[in-house]
Amino acid sequence: HKKSPIKRKYVPHLPSLLAMGEHNYGKLMMLLPEVDEVNLQYQFTINDALTYQILIKDAARYTTTVNIAQVAKNLPKFLLPSLTVRLYHDVRSAEVLAAQNIGRIKASYDYPNLHMHQKNEKFMVNVFLTEWLTFCMQHQS
């Protein structure tokens, strides 16, 4: 008689997620001298074929929503990473709201699931944002 393992639901580690949000907010504020002007766009050119763009989509008193996208020649848009990020100015935090073709990202997913999201998808896209912002900061002119 063999016992089946108990499946536990993934529970995000809130302190890590909050610390990453604060870290990403700080990096975005260094990259974006202005966060109040809608449709303002910043570009970071890495080489002739690769550029990153940050576009301010919405600006309110306590929040700013930006789209961050990679632009590359000769590659279809669906292969290029893109994120929608909300900056919360009152708590000095940033959160990825959407990534690629995923709409609203849940805090956790059952696995396996129809779209094959990782259990910790929200955490992972925020890690990706951290790495992306670091890369942009290293290549800003």
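This is a predicted model: local features need pLDDT of at least 70, side-chain atom pairs count only at pLDDT 80 or more; totals for chains, interfaces and linings use all residues.
1. Helices and strands here are DSSP runs, numbered from the N terminus: a helix has at least four residues, a strand at least two. Keep that in mind for Leu-75, which sits in the loop between β3 (63-72) and β4 (82-88).

2. Start with the overall plan. The chain contains two helices and five strands. Their order along the sequence is α-β-β-β-β-β-α. The chain has 141 residues, and 36% of them are buried. Its accessible surface is about 9,300 Å². Carbon and sulfur atoms account for 55% of that surface.

3. Now look at contacts across the sequence. Take the contacts between residues at least 6 apart in sequence: 40% of these join residues at least 24 apart. Met-124 belongs to helix α2.

4. Which residues of α2 are buried? They are Glu-121, Lys-122, Val-125, Asn-126, Leu-129, Thr-130, Trp-132, Leu-133 and Cys-136.

5. What covers the buried residues of α2? The cover includes the other helix, α1 (14-31). It also includes the strands β1 (41-47), β2, β3, β4 and β5 (93-99).

6. Thr-130 is in helix α2. Its relative accessible area is 17%. That counts as buried because the cut-off is under 20%. Leaving aside residues up to four places away in sequence, Thr-130 touches Met-20, His-23, Asn-24 and Lys-27.

7. Next, the aromatic rings. How many aromatic pairs does a search of the whole structure find? The count is three. One of them joins Tyr-52 and Trp-132 in an edge-to-face arrangement. The ring centres are 5.3 Å apart, and the angle between the planes is 75°. Tyr-52 lies in strand β2 (residues 50-59), and Trp-132 in helix α2 (residues 121-139). The pair therefore ties together parts that are 80 residues apart in sequence. Both Tyr-52 and Trp-132 are buried.

8. Trp-132 has a second ring partner, Phe-128. This pair is tilted: 5.2 Å centre to centre, with 45° between the planes. Phe-128 and Trp-132 are separated by about one helical turn because they are four residues apart in helix α2.

9. Is Trp-132 buried or exposed? Trp-132 is buried, at 4% relative accessibility. Phe-128 is partly exposed, at 33%. One aromatic cluster takes in Tyr-52, Phe-128, Trp-132 and Phe-135.

10. Leu-75, Phe-78 and Leu-79 make a nonpolar surface patch of about 330 Å². Recall that Leu-75 is in the loop between β3 and β4. Its relative accessible area is 43%, so Leu-75 counts as partly exposed. A residue needs over 30% to join a patch, so Leu-75 qualifies on that cut-off.

11. Last, check the backbone angles. Most residues other than glycine have a negative phi. Asn-39 has a positive phi, near 75°, and is not a glycine. Where is Asn-39? Asn-39 lies in the loop between α1 and β1. At 55% relative accessibility, Asn-39 counts as exposed.

12. Arg-92 also deserves a look. Its phi is positive, about 55°, although Arg-92 is not a glycine. Arg-92 is found in the loop between β4 and β5. Its relative accessibility is 52%, so Arg-92 counts as exposed. The cut-off for exposed is over 50%.

Technical notes
Residues are numbered from 1 along each chain as its sequence is written. Side-chain values use heavy atoms; hydrogens and water are left out. Patches are made of residues with over 30% relative accessible area and no salt bridge: like charges are joined within 9 Å, nonpolar side chains (Val, Leu, Ile, Met, Phe, Trp, Tyr) within 5 Å. Accessible areas come from the Shrake-Rupley method with a 1.4 Å probe; for residues, only the protein chains shown count as cover. A salt bridge is a side-chain nitrogen of Lys or Arg within 4 Å of a carboxyl oxygen of Asp or Glu. Buried means under 20% relative accessible area, exposed over 50%, partly exposed in between (1.4 Å probe, protein chains only). Rings of Phe, Tyr and Trp (its six-membered ring) pair if their centres lie within 6.5 Å; planes under 30 degrees apart count as stacked, over 60 as edge-to-face and the rest as tilted. Contact means heavy atoms within 4.5 Å.
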